[in-house]
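Please keep the sequence and the structure in view while reading.

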Amino acid sequence: FLVTALMREESSFNPRAVSTSNAYGLMQLLLPTASEQVDPQDRPLRPQDLFDPMLNIKAGSRYVAWLFN
């Protein structure tokens with residue numbers, strides 16, 4: 001429920017949302033923050049990668065869990 005509430009408040013459930021501070025996607029992640037939460041495969045994370053809901057929610061959820069710990 002917490003992740004859903006964050007997505008509603010941060011992006012109004014718009015996976016292509018971009019803030020004035022360059023936060024991207026459903027959970028409004030900054031690129032450096034998201035990069036720390038996602039295992040790089042072949043290449044570094046790009047801003048447009050954060051529009052992928054699966055990646056955005058995964059990185060955002062990991063970040064929220066990190067904050068709680």
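The protein chain of this predicted model contains 3 helices and 0 strands. Read along the sequence, these elements give the pattern α-α-α. The radius of gyration is 11 Å, close to the 11 Å that the globule rule gives for 69 residues, so the chain is as compact as a globular protein of that length. Along the principal axes, the C-alpha atoms fill a box of roughly 30 × 30 × 20 Å.

Among contacts between residues at least 6 apart in sequence, 43% join residues at least 24 apart. Of the 69 residues of the chain, 33% count as buried.

In soluble globular proteins, nonpolar side chains tend to be buried together. Here the largest nonpolar core has 13 residues, and those touching the most other members are Met27, Leu29, Ala34, Leu45, Leu50, Leu55 and Ala59. Helix H3, which spans residues 53-68, gives the most to this core, with 3 residues. Which residues does Ala34 touch, if those up to four places away in sequence are not counted? They are Leu29, Leu45, Leu50 and Ala59.

Leu45, one of the core residues named above, also belongs to the lining of the largest pocket. This lining comprises 11 residues, and Pro40, Gln41, Arg43, Pro44 and Leu45 lie nearest the centre of the pocket. By class, the lining has 5 nonpolar, 2 polar and 4 charged residues. The space in the pocket amounts to about 190 Å³.

Key. Residues are numbered from 1 along each chain as its sequence is written. This is a predicted model: local features need pLDDT of at least 70, side-chain atom pairs count only at pLDDT 80 or more; totals for chains, interfaces and linings use all residues. Side-chain values use heavy atoms; hydrogens and water are left out. On a 1 Å grid over the protein atoms alone, a cavity is a set of points where a 1.4 Å probe fits but cannot get out, and a pocket is an open set with protein on both sides within 12 Å along at least five of seven lines; lining residues have an atom within 4 Å of a point. Grid points are joined across faces, edges and corners, and a volume is the space filled by probe spheres set on the points. Ala, Val, Leu, Ile, Met, Phe, Trp, Tyr, Cys and Pro count as nonpolar, Asp, Glu, Lys and Arg as charged, and the others, Gly among them, as polar. A nonpolar core is a set of buried Ala, Val, Leu, Ile, Met, Phe, Trp, Tyr and Cys residues joined through side-chain atoms within 4.5 Å. Buried means under 20% relative accessible area, exposed over 50%, partly exposed in between (1.4 Å probe, protein chains only). Helices (H or I, at least four residues) and strands (E, at least two) are DSSP runs, numbered from the N terminus. Contact means heavy atoms within 4.5 Å. The radius of gyration is taken over C-alpha atoms; the globule rule is 2.2 Å times the number of residues to the power 0.38.
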